[in-house]
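Subject: Handover of a structure for your attention

Dear colleague,

Please find below the structure that I am handing over to you. My findings follow it.

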Amino acid sequence: MERPQSEHGGRRRRLARSREIVQIQCSPRPMLPVPPMMRPTPNQAKLAAIAVDLNIRLRSADMPGAMQERAFRCTRAVLDANLEKKPNPTHVAMCLKKEFDAVYGPAWHCVVGQSFGSFVTHSSGGFVYFSVDKLSFLLFKTEVRPVRSSLPPPPLLLKLNINA
């Protein structure tokens, strides 16, 4: 059974009228200001180029660019030194930690592996997390504070000459 033409046409008019009502009732909202685009500094661009050249993917960092570059280059050097066999993550972490301890002072820590989670507290300006191929690298520095002993100092021992 066919519908009469007027019924179908009436529906179209109602839809057209409802669209007009919606358009009239919904006035355009004011646009929010768009923040200006952040352009990378020349140092950031240079660091990104070095990372691409060394096949390194930076995940997160709170570290000056020069220190990041040193970490990238040291990591790449250690990995390239062992091209004939699978890299030992413990050896790579130890080399990276020793390099940063020697150059930037003590209390650097390094974690290297394929799959790990972490939650670390680091000194300001001393954190970088990056990956090379399937290995991930976490390098961070902690604050070094002297340990205060609550024990009193040991008493002086006097030599007693018992045989006299």
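What percentage of the 164 residues in the chain do buried residues make up? The share is 25%, where buried means under 20% relative accessible area, exposed means over 50%, and partly exposed lies in between (1.4 Å probe, protein chains only).

Two remarks on the basis of these values are in order. This is a predicted model, in which local features need pLDDT of at least 70 and side-chain atom pairs count only at pLDDT 80 or more, while totals for chains, interfaces and linings use all residues. Residues are numbered from 1 along each chain as its sequence is written, and side-chain values use heavy atoms, with hydrogens and water left out.

Overall architecture

The chain contains 4 helices and 4 strands; these are DSSP runs numbered from the N terminus, with helices being H or I of at least four residues and strands being E of at least two. Read from the N terminus, the order of the elements is α-α-β-α-α-β-β-β. Contact here means heavy atoms within 4.5 Å. Of the contacts in the chain between residues at least 6 apart in sequence, 55% join residues at least 24 apart.

Helix packing

Helix α3 covers residues 65–81, and its axis comes within 10 Å of that of α4, crossing at roughly 140°. Axes are lines fitted to C-alpha atoms, for helices over the stretch in contact, and the angles run from 0 to 180 degrees between N-to-C directions. The crossing of α3 past α4 is right-handed, a term for the near helix being turned clockwise from the far one by less than a right angle. On the α3 side, the residues that meet α4 include A66, M67, R70 and A71, and their counterparts in α4 include H91, V92, C95 and F100. By class, this contact of α3 with α4 has 12 nonpolar, 2 polar and 2 charged residues. Ala, Val, Leu, Ile, Met, Phe, Trp, Tyr, Cys and Pro count as nonpolar, Asp, Glu, Lys and Arg as charged, and the others, Gly among them, as polar.

The axes of α2 and α3 also come within 10 Å, crossing at roughly 5°, and α2 is therefore roughly parallel to α3. In this contact, K46, L47, I50 and A51 of α2 meet G65, Q68, E69, F72 and R73 of α3. The contact of α2 with α3 has 4 nonpolar, 2 polar and 3 charged residues.

Aromatic pairs

Rings of Phe, Tyr and Trp (its six-membered ring) pair if their centres lie within 6.5 Å; planes under 30 degrees apart count as stacked, over 60 as edge-to-face and the rest as tilted. The count is 6 aromatic pairs. One of them is the tilted pair of F100 and Y104, with 5.2 Å centre to centre and 40° between the planes. Both residues belong to helix α4 (residues 89–104), where they are 4 residues apart, about one turn of the helix. F100 is buried at a relative accessible area of 0%, whereas Y104 is partly exposed at 26%. Elsewhere, ring pairs link F72, F130 and F137 into a cluster.

M67 lies in helix α3 and is buried, with a relative accessible area of 12%. Beyond its neighbours within four places in sequence, M67 is in contact with F100, Y104, W108 and G125. M67 and G126 are 59 residues apart in sequence, yet their C-alpha atoms are 8.8 Å apart in space.

R59, in strand β1, is partly exposed at 43% relative accessibility. Leaving out residues up to four places away in sequence, R59 touches Y129, F130 and S131. R59 and F130 are 71 residues apart in sequence and 4.9 Å apart in space, C-alpha to C-alpha.

Backbone exceptions

Most residues other than glycine have a negative phi. N55, which is not a glycine, has a positive phi of about 60°. N55 sits in the loop between α2 (42–53) and β1 (56–62) and is partly exposed at 46% relative accessibility. D133 also has a positive phi, near 55°. D133 is found in the loop between β3 (127–132) and β4 (135–141) and counts as exposed at 61% relative accessibility.

Yours sincerely

Definitions and conventions
Parallel < 35°, antiparallel > 145°, perpendicular 65-115°, else oblique.
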